[in-house]
2 protein chains.
Amino acid sequence: MRNLLMKVSYDGTDYNGFQTQPGGHTIQDYLEEAIRRLSGEQLKITASGRTDAGVHARAQVFNFYTASPVPVERWCMALNTWLPEDIVVSDAMEVPMEFHSRHAAKRKTYRYSINANQYPDLFNRRYQIHHYGKLDIDAMQQGLTHLIGTHDYTTFASRKSTKPSHVRTIFDAWIEQDTSMCRPGTRDQGIIHTYVSGNGFLQHMVRIIMGTLLEVGEGKRHPDDMLVILEAKNRAAAGPTAMGKGLMLWEVEYNIAGNV
Amino acid sequence: MRNLLMKVSYDGTDYNGFQTQPGGHTIQDYLEEAIRRLSGEQLKITASGRTDAGVHARAQVFNFYTASPVPVERWCMALNTWLPEDIVVSDAMEVPMEFHSRHAAKRKTYRYSINANQYPDLFNRRYQIHHYGKLDIDAMQQGLTHLIGTHDYTTFASRKSTKPSHVRTIFDAWIEQDTSMCRPGTRDQGIIHTYVSGNGFLQHMVRIIMGTLLEVGEGKRHPDDMLVILEAKNRAAAGPTAMGKGLMLWEVEYNIAGNV
């Protein structure tokens, strides 16, 4: 028996999220089915965490135990032949038997993308929301900074969260503005990518942060309100949950050999 | 009556090409229907040229005559509300009555994109072909250069072409290699974008050039063979027609006010 760790990217648009659920058609279902076709094993994989319906991953990480003799370097190409074209496995390595993709994750980074140009970029329409109308990006950056640190993020968690503790640590959060597609002489503000990096995230956390941050960008809230909102520990204090399509699991980091 | 010129980008994946045809579901059909909904006019638009099924456009240009009083600066936003999300109109201007999008086009540039990394980039899967296996990019560049100039491009035209002359001018052709997604320690060669810029193109011309150029990259043909192939003036001398999905109409240039 070996413990294999793999990296997978996916376009979440057409799936019911990562994790297996009664309705089926999840990323996990397709990965487990591809493994079954390759190795004949009906097994369960463990991921670094779930992602919601419509949310994407550049680099999700999962592991599973296999008795298959298929050499580790042949797994990715073989699995990809059984996977739909919007799910691609791109790394595989053997890790210690005790390695667990979720428990061992030290840092996860999400990216949320907002197109703030006048016209949507149709070639990236599945991976960004379109928001035209002036955004104060400095204010958004300022508001975002208030969230860095170790806090009770109840305000930014779905009311359905059943986690015993809502304390998490955000290590860093920053905005990158890509103005390469801005057309001269317009009020185009480019693509605004917000990165949030932490030790773990509550359900809808990044999306609620982004829904609130957009209100700061629109001038409806002051950047320093973010602190008040955070301290309220009340979902009602925050803004709406931003659409899932703008969110991408960007990176998962580990301290051990499982660092991919 | 005014003559309006517009720029449109589209993802050709789900359409039967640009130009209206009996089977319907073309880019032109959707544009004309959006205009009808906006202005009430049942009119025909004229584009800089057609694109095949599955081929994309970053910047296609078209014009049409309208009696509508809608101000020119309001057309794009209004049309986009009636268009599917994979067709976006992004520029509109009034041009002289005699302006004709096809006749007045001085230079058209196409881009063809090949992913030469081990794994496909699923986020761009609709806009590039995946070719893993060593490509000699210098040889491809050398072969491509032989095609620059004014030539009879019969070799690189569909056998179905009914054009009276196959003489065209390729002003420039070049390759840009984007290695930003290459993974260290692999044989990834990045995304290879080939640009071909000319005064006009025959049916399938860029795709047949690319199918042949890939054989040069694979070492099946010598770069100087491109000259022999060109001079054969015979479709049978060239390689296969590369898939439409890798092709994008990149830019159309005009000398007059219609330069967009």
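Helices and strands are DSSP runs, numbered from the N terminus. The model shown in these views is predicted.

**View 1. Phe201(A) in the loop between β9 and α4 of chain A.** Beyond its neighbours within four places in sequence, Phe201(A) is in contact with Lys108(A), Tyr110(A), Arg168(A), Val196(A) and Val206(A). Ala157(A), 44 residues away in sequence, has its C-alpha 8.7 Å from that of Phe201(A).

**View 2. Tyr110(A) in strand β5 of chain A.** Strand β5 spans residues 105-115. An unreviewed UniProt entry lists Tyr110(A) under "binding site". The residue is buried, with a relative accessible area of 7%.

**View 3. Surroundings of Tyr110(A).** With neighbours within four places in sequence left aside, the contacts of Tyr110(A) include Arg50(A) and Thr51(A). Contacts are also made with Thr194(A), Tyr195(A), Val196(A), Phe201(A) and Val206(A). Leu247(A), Met248(A), Leu249(A) and Trp250(A) are likewise in contact with Tyr110(A).

**View 4. The largest cavity, lined by residues of chains A and B.** One cavity of 30 Å³ or more is counted, and the largest cavity has a volume of about 70 Å³. From chain A, the lining comprises Asp11(A), Leu122(A), Phe123(A), Arg125(A), Arg126(A) and Tyr127(A). Chain B contributes Asp11(B), Leu122(B), Phe123(B), Arg125(B), Arg126(B) and Tyr127(B). Six of the lining residues are nonpolar and six are charged, with no polar residues.

Key. Residues numbered from 1 in each chain as written. Chains lettered and ligands numbered in written order. Predicted model: local features only at pLDDT ≥ 70, side-chain atom pairs only at ≥ 80, totals over all residues. Heavy atoms only, no water. UniProt positions renumbered as here; feature names shortened; annotations may be inferred. Helix = DSSP H or I, 4+ residues; strand = E, 2+ residues; numbered from the N terminus. Buried < 20%, exposed > 50% of the residue type's maximum accessible area, 1.4 Å probe, protein only. Contact = heavy atoms within 4.5 Å. 1 Å grid on protein atoms, 1.4 Å probe; cavity = no way out; pocket = protein on both sides within 12 Å on 5 of 7 lines; lining within 4 Å. Points joined across faces, edges and corners; volume = space filled by probe spheres on them. Nonpolar A, V, L, I, M, F, W, Y, C, P; charged D, E, K, R; others polar.
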